[in-house]
Structure formats: C-alpha cells, structure tokens
Amino acid sequence: MEGFGDNFDQPEVDPAAEFLAREHDQLAGLEDELNPVVLPSVNAVPQEETSEAQPKLFASPTPTRPVTREEPEKIKKWREEQKKRLEEKDANEEKRKEELREGARKELAEWYRHHEEQIAKTKTANREAAKNAEKQFVAESDEIEPGTEWERIAKLCDFNPKSSKTSKDVSRMRSIILQLKQTAPAPKRT
C-alpha cells in the first residue's frame, strides 16, 4: 500500500500546532517592545494528553503566572494626540455653532424689522389712497348726471385682467359692466 501514499506508521502532524509554532517564532521579538498588560494565562496542556511524537508547543515557561503586556509608546502617544485633536475639533465646532446661531438671530431680527417697515409703509399708502379716493368720490357725487351711472361704476371696478389667484374669476362681470358702460340703457322717465 505504499504506492498509494498511505503511511500509517508515521505520526500525524497537527496543522494548527504547526501554525501556532510558526507564529510564536515570528512574534517572539515583539514582547521586548511592549509594556506589561495583564492578560489571562494560558495553562499548559497536561503531559499525559500529549503524545510522545508531538513537541510540547502549548506549554508556557510560567504556566500559572499571568502574562502582562502594555501598549507601545507610539500607540500611547497617538491616542493622546488623537484625544487632543478631537477636543480641539469639538471646541471649534461649538464655537462655529454659536457663531451661526448669533448670525441667524441677527438675520431674523433684521428680517422682522424690514417686514414691520414694509407693513407700516403699506398701511400708510393704503390710508392715503383711501382718503384720496373718498375725497374724489364725494366731489364727483355732487356732479351726478343722469346716464353716467355706468361710467361711475366702471371707475370703481378694477378691470385689470391680471388678478390674483386667490380671488374669484370676475371676467364675466367685468365684460357686462364694460358693455353697459359703452351702450348704456336709456334712462326711464316716469
């Protein structure tokens, strides 16, 4: 059966144990750079469980003592610098937020002031226009002549075809008033 590659006489090699042994050899130099940090200890595998053919890979030099490791200086330094950068960014962000809030308060106050001025100007202009229209209406009411009623009504109506979208459509009424103004019915005499 040797032709088939089955050798039952040789001991089996554990791939996991082989991997751990390689990693242990490669990482052996890193322990000198690390400061102690307490990690749970890895207990050694009891002697009776290991076979004679396998090497003692899992046995540690001090099986009951916890392994202590500390972070390297470079990592400590980076953490401190990162903490300082984050604190500075947080402070700058809070400062910027407060500046934006203050700017928004000023803009809002300016907008309200401008809005109040516009409302006051509109009210004043409307009052003046109403006074002038009333004076003109009173002056013209003294000069009432028969047959000019529709002309006076047409003066009071707004015939601008561009009306606001919130008002009703008054185009039919507008056309009737203009028609009556142009061809006024004869006054009745009784």
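Glu 140 lies in helix H2, helices being DSSP runs of H or I with at least four residues and strands being E runs of at least two, both numbered from the N terminus. The structure is a predicted model, in which local features need pLDDT of at least 70 and side-chain atom pairs count only at pLDDT 80 or more, whereas totals for chains, interfaces and linings use all residues. Residues are numbered from 1 along each chain as its sequence is written, and side-chain values use heavy atoms, with hydrogens and water left out.

Glu 140 has a relative accessibility of 25% and therefore counts as partly exposed, a class that falls between buried (under 20% relative accessible area) and exposed (over 50%), computed with a 1.4 Å probe and protein chains only. Between Glu 140 and Arg 152, twelve residues apart in sequence, the distance in space is 8.9 Å from C-alpha to C-alpha. Arg 152 belongs to helix H3, which covers residues 149-156, and is partly exposed as well, because its relative accessible area is 27%. A separation of 9.3 Å is found between the C-alpha atoms of Arg 152 and Phe 137, which are 15 residues apart along the chain.

The protein chain as a whole contains four helices and two strands. Along the sequence these elements follow the pattern α-β-β-α-α-α. Of the 190 residues of the chain, 3% count as buried. The accessible surface of the protein chain amounts to about 17,800 Å², and carbon and sulfur atoms account for 55% of this surface; accessible areas come from the Shrake-Rupley method with a 1.4 Å probe, and for residues only the protein chains shown count as cover. Among contacts between residues at least 6 apart in sequence, 60% join residues at least 24 apart, a contact meaning heavy atoms within 4.5 Å.

Helix H2 spans residues 73-141 and includes Leu 108. Together with Trp 111 and Tyr 112, Leu 108 forms a nonpolar surface patch with about 350 Å² of accessible area in total. Patches are made of residues with over 30% relative accessible area and no salt bridge, like charges being joined within 9 Å and nonpolar side chains (Val, Leu, Ile, Met, Phe, Trp, Tyr) within 5 Å. Leu 108 counts as partly exposed because its relative accessibility is 47%.

Charged patches are also present on the surface. Glu 87, Glu 88, Asp 90, Glu 93 and Glu 94 gather in a patch of negative charge, where Asp and Glu count as negative and Lys and Arg as positive, His and the chain ends not being counted. The place of a charge is taken as NZ of Lys, CZ of Arg, CG of Asp or CD of Glu. Asp 90 is a residue of helix H2 and is partly exposed, since its relative accessible area is 46%. A patch of positive charge is formed on the surface by Lys 123, Arg 127, Lys 131 and Lys 135. Lys 123 is likewise placed in helix H2, and its relative accessible area of 46% makes it partly exposed.

Side chains of opposite charge can pair when their charged atoms come close. The structure holds nine salt bridges, each defined as a side-chain nitrogen of Lys or Arg within 4 Å of a carboxyl oxygen of Asp or Glu. One of them joins Arg 79 to Glu 71, with the closest N and O atoms 3.0 Å apart. Arg 79 is partly exposed at 45% relative accessibility, and Glu 71 is partly exposed with a relative accessible area of 28%.

Arg 113 takes part in two of the pairings described here, with Glu 110 and with Glu 117. In the pair with Glu 110, the closest N and O atoms are 2.3 Å apart; the two residues are three residues apart in helix H2 and therefore separated by about one helical turn. In the pair with Glu 117, the corresponding distance is 2.5 Å, and the residues are four apart in helix H2, so that about one helical turn again separates Glu 117 from Arg 113. Arg 113 counts as partly exposed at 41% relative accessibility. Glu 110 is partly exposed, with a relative accessible area of 40%, and Glu 117 is partly exposed, with a value of 35%.
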